[in-house]
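Biologist: Hi! Could you walk me through this one?
Modeller: Happy to, let's bring it up.

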Amino acid sequence: MRLSRYTAMASNMQVQKITTLTGHRDCVYTLERSGEEHVFFSAAGDGMVVAWDLNNPETGELMARVSTSVYALRYIPGRNLLLVGQNQEGLQVIDLEDKKILKSVPLPKVAIFDILYIPELQKVFVAMGNGAVCVLHGDTFELQTIIRKSEKSARSLAYNPRTQELAVGYSDNIIRVYDAETLDLKHELDSHANSVFTAAYSPDGQLLLTGSRDAHLRVWEVANGYKERGYTIAHMYTINHLTYSPDGRFFATCSMDKSIKVWDAQTFKLLKVIDKVRNASHGTSVNKLFWSAHQNQLVSCSDDRTISVWDIKQVEL
């Protein structure tokens with residue numbers, strides 16, 4: 001079943017570009033929150049991990065530099081630590097106070113595509129380019145076990161605290177849903193026609209949204225055994241990432257087609273397209289989004305080596 005068509009629709013949402021952040025010397029692949037609403041981290045193909053302050057965004061602060069590209073970061077709240085997925089070289093645990101590597105965790109020498117920390121289970125999950133999902137202890141970061149259900153890359157991770165389920169999107173086109181505590185496989189969802197690059201549970205835990213290299217956005221009903229509610233062809237090319245707004249009313253997607261799209265989380269109607277022609281947006285693939293609770297600002301990063309900050313507002317029509 002098709003979701004509501006995404007052709008141009010009237011919207012009371014306004015988007016304004018606040019600033020463009022520069023300094024990375026290669027494609028910027030990932031963005032991550034910090035312990036403060038106005039601070040976030042970025043990482044890129046240049047191996048630099050940078051902190052940015054949305055109150056004073058012009059200059060970033062170098063937090064770490066590693067020897068290879070970085071696709072994935074994860075902040076550990078309460079401990080002021082940042083997990084850095086150093087491609088081919090394992091996981092680095094960065095002490096943000098001292099800006100030092102606290103620990104290096106050796107993992108299979110492949111790309112690291114996503115990292116997820118689940119404090120209530122004291123586990124860290126790491127999605128690997130060889131199809132493995134490495135499970136680390138959430139306190140010591142020691143490797144505990146490896147889940148291996150595919151030979152193709154594990155690309156994306158999402159956790160549902162209501163059901164304690166872990167959804168993993170793979171490059172064999174399948175989303176596999178595990179019990180996050182026992183690691184038992186519960187469901188396999190196989191509607192996508194290409195690699196599943198992004199997955200996110202709705203804030204209420206009732207839906208799983210997935211985006212793929214096939215440009216389709218699919219919606220799955222959790223309580224109904226992950227029955228597919230519907231889909232839409234959301235972009236022209238690969239959907240690289242999707243994220244919900246802080247209040248859960250909207251979600252945004254970004255794509256290899258250079259655009260960002262903002263959607264109504266209830267109706268799945270397209271509310272706004274952010275692109276180079278309309279908004280002086282990115283000129284190449286948009287890789288990751290971070291929707292901050294700080295003044296509802298949306299942050300995007302791209303292969304063009306830049307980070308853009310967007311002001312998102314609802315206005316009266």
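Modeller: Let me begin with K186, which is partly exposed, with a relative accessible area of 40%. Keep in mind that this is a predicted model.

Biologist: Which residue forms a salt bridge with K186?
Modeller: That is E165, and the closest N and O atoms of the two are 2.8 Å apart. E165 sits in strand β15 (residues 165-170) and K186 in strand β17 (residues 185-189), so the pair links distant parts of the chain, 21 residues apart.

Biologist: And E165, buried or exposed?
Modeller: E165 counts as buried, at 4% relative accessibility.

Biologist: How many salt bridges does the structure hold?
Modeller: There are 14 salt bridges in the structure. Among them is the one between D114 and R74, whose closest N and O atoms are 3.9 Å apart.

Biologist: Where do D114 and R74 lie?
Modeller: D114 is in strand β10 (residues 112-118), while R74 is in strand β6 (residues 70-76). The pair therefore ties together parts that are 40 residues apart in sequence.

Biologist: How accessible is D114? And what about R74?
Modeller: D114 is buried, with a relative accessible area of 10%. R74 counts as partly exposed, at 21% relative accessibility.

Biologist: What about E188, which partner does that residue have in a salt bridge?
Modeller: E188 pairs with R176, and their closest N and O atoms are 2.9 Å apart. E188 counts as partly exposed, at 47% relative accessibility, whereas R176 is buried, with a relative accessible area of 5%.

Biologist: Changing topic: how many disulfides does the structure hold?
Modeller: It holds zero disulfides.

Biologist: Is C27 buried or exposed? I'd like to hear about C134 too.
Modeller: C27 is buried, with a relative accessible area of 16%. C134 is also buried, and its relative accessible area is 0%.

Biologist: Now for the surface. Which residues form a nonpolar patch there?
Modeller: M236, Y237 and M256 do, and together they have about 350 Å² of accessible area.

Biologist: Where is M256 found?
Modeller: M256 is in the loop between β23 (250-255) and β24 (260-264). M256 is partly exposed, with a relative accessible area of 40%.

Biologist: What does the side chain of S259 make polar contacts with?
Modeller: One partner is the side chain of H235, at 3.1 Å. The side chain of D257 is joined to that of S259 by a polar contact of 2.7 Å.

Biologist: Leaving aside neighbours within four places in sequence, which residues is S259 in contact with?
Modeller: With those neighbours left aside, S259 is in contact with H235, T253, C254, I274, D275 and V286.

Key. Residues are numbered from 1 along each chain as its sequence is written. This is a predicted model: local features need pLDDT of at least 70, side-chain atom pairs count only at pLDDT 80 or more; totals for chains, interfaces and linings use all residues. Side-chain values use heavy atoms; hydrogens and water are left out. Patches are made of residues with over 30% relative accessible area and no salt bridge: like charges are joined within 9 Å, nonpolar side chains (Val, Leu, Ile, Met, Phe, Trp, Tyr) within 5 Å. Accessible areas come from the Shrake-Rupley method with a 1.4 Å probe; for residues, only the protein chains shown count as cover. A salt bridge is a side-chain nitrogen of Lys or Arg within 4 Å of a carboxyl oxygen of Asp or Glu. Helices (H or I, at least four residues) and strands (E, at least two) are DSSP runs, numbered from the N terminus. Buried means under 20% relative accessible area, exposed over 50%, partly exposed in between (1.4 Å probe, protein chains only). A polar contact is a pair of N or O atoms within 3.5 Å; within protein, one must be able to donate a hydrogen and the other to accept it, and residues adjacent in sequence count only if both atoms are side-chain atoms. Contact means heavy atoms within 4.5 Å. A disulfide is a pair of cysteine sulfur atoms within 2.5 Å.
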